[in-house]
Amino acid sequence: MWLFMKAESKTHLADVKVLKDLKNSVEPSSMVTGSCLSSWDFSVDPCDHIFTSKFTCGFRCDQIIHGSSRITEITLDPAEYSGSLTSTNWNLPYLQTLDISCNLFSGVIPNSLSNLTALRRLCLSKNSLSGEIPVSLRSLLYLEELYLDNNHLSGSIPPIFDRLESLKRLEIQQNELSGQFIDLGSVKNLYYIDASDNQISGQLPSTLPESLVELSIRNNYLEGIIPESVFNLRFLQVLDLSHNLLCGPVPSVLFNHPSLEQLTLSHNNLTSIQVPGDMGFTSRLVALDLSFNQLRGLLPAFLAAMPRLSALSLEQNRFRGMIPAQYALKVAVSRVKTSTFKRLLLGGNYLFGPIPGPLAGLKPGSANVSLVDNCLYYCPDTLFFCQGGNQKKSVDCKRRI
């Protein structure tokens, strides 16, 4: 609640000191004229002038304790401020939001951030921060959102998250983090993880938060098989493990998962697809990308039986045999209870035989279909899905088949 008592609504002196330290840590040359930070002249009290144009931009103070306002939110505008955060003594016990993203702050993440014990949202994204993620962040017991993405952070992911039981969103993508991905099974409320574009290695943990809705560890060095325990993530809707070193089969549990809608496993070393017991009839998958793997054998007919699947990419694998009629029908024939293929990418395999009849009548723009770089008997450029590449030479097709 706001208290409109001008004589008593003075900002706590310790809070003012932190704001002064933060402004002094910024390079003067990077301070844009007219920006939030440049307006902090400290000639007036920030909370006492909360409804004026002076010294209010970029933070909020809405809690008054014994006549002193305490700052609960600091947000710097993305004006490319540069400097070091270590010169600020972060001692704001009532601060709930700290957002200094989209600037050019450098250096390490200061340990003094652990003093922000009431913090719920910490956003340091898109800066030039380096060094390791400090273990001291485990003191932020009420933290719900942590954004450290798009920096130059290195080292392993510290085992701090077992303490952060309130954490709901974790973004550490676009860094230089290495080592194994940590076990986050104890973080019961975590629904979003993005650790893409790092140097994370080892296997995908068999224990992950059951609350997860989206998990992305794209473009790392994960290896080994995909654990079937992914089925236990009953709220999971998006899984992206593309551009890794995963091997073995695509487990059948991913096709009859109770909530999974988007599955991206492209650019790995997967070798086979396990057929689910229900033949895909209960699958909720809408988009499936298994391109650029080592998948062999015939095209799995059950993929065309998935009622909601509308985007399927199996490009650049080692599939052979003829294109199943079910695939052609799912592209060309509209049905009431099932989705049609709006995207069907089968190029770069060893498929042979004639083009299925239902595909021949497709008009350009009706669907995104590609059959290039196969071993098809006849695939002329007059058909749009044959354009953009030739079929393989017969000697290559015979050698593979």
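A nonpolar core is a set of buried Ala, Val, Leu, Ile, Met, Phe, Trp, Tyr and Cys residues that are joined through side-chain atoms within 4.5 Å. The model described here is predicted. In this model, the largest nonpolar core has 105 residues.

**Overall form**

- The chain contains four helices and 28 strands.
- Its radius of gyration is 27 Å, whereas the globule rule gives 21 Å for 401 residues; the chain is therefore more spread out than a compact globule.
- Along the principal axes, the C-alpha atoms fill a box of roughly 85 × 40 × 40 Å.
- Among contacts in the chain with a separation of 6 or more, 50% are between residues 24 or more positions apart.

- Buried residues make up 52% of the 401 residues of the chain.
- The chain exposes about 18,000 Å², and carbon and sulfur atoms supply 51% of that area.

**The largest nonpolar core**

- The residues with the most contacts inside this core are Ile 74, Leu 98, Leu 122, Phe 161, Tyr 327 and Phe 385.
- Several elements each supply at least two residues of the core, among them helix H1 (13–25), strand S2 (59–65) and strand S3 (68–75).
- Strand S18 (245–250), strand S20 (269–273) and helix H2 (325–332) also each supply at least two of its residues.
- When residues up to four places away in sequence are not counted, Tyr 327 touches Leu 299, Pro 300, Ala 301, Leu 303, Ala 304, Leu 312, Leu 314, Phe 341, Leu 344 and Leu 346.

**Thr 72**

- Thr 72 lies in strand S3.
- The relative accessibility of Thr 72 is 2%, so this residue counts as buried, the limit being under 20%.
- Between Thr 72 and Leu 19 there are 53 residues of separation in sequence and 12 Å in space, taken from C-alpha to C-alpha.

**Ser 370**

- Ser 370 belongs to strand S27, which covers residues 368–370.
- Because its relative accessibility is 14%, Ser 370 also counts as buried.
- Apart from its neighbours within four places in sequence, Ser 370 is in contact with Glu 315, Leu 344, Leu 345, Leu 346, Gly 347 and Phe 385.
- Leu 344 and Leu 346 are touched by Tyr 327 and are also in contact with Ser 370.

Key
Residues are numbered from 1 along each chain as its sequence is written. This is a predicted model: local features need pLDDT of at least 70, side-chain atom pairs count only at pLDDT 80 or more; totals for chains, interfaces and linings use all residues. Side-chain values use heavy atoms; hydrogens and water are left out. The radius of gyration is taken over C-alpha atoms; the globule rule is 2.2 Å times the number of residues to the power 0.38. Buried means under 20% relative accessible area, exposed over 50%, partly exposed in between (1.4 Å probe, protein chains only). Contact means heavy atoms within 4.5 Å. Accessible areas come from the Shrake-Rupley method with a 1.4 Å probe; for residues, only the protein chains shown count as cover.
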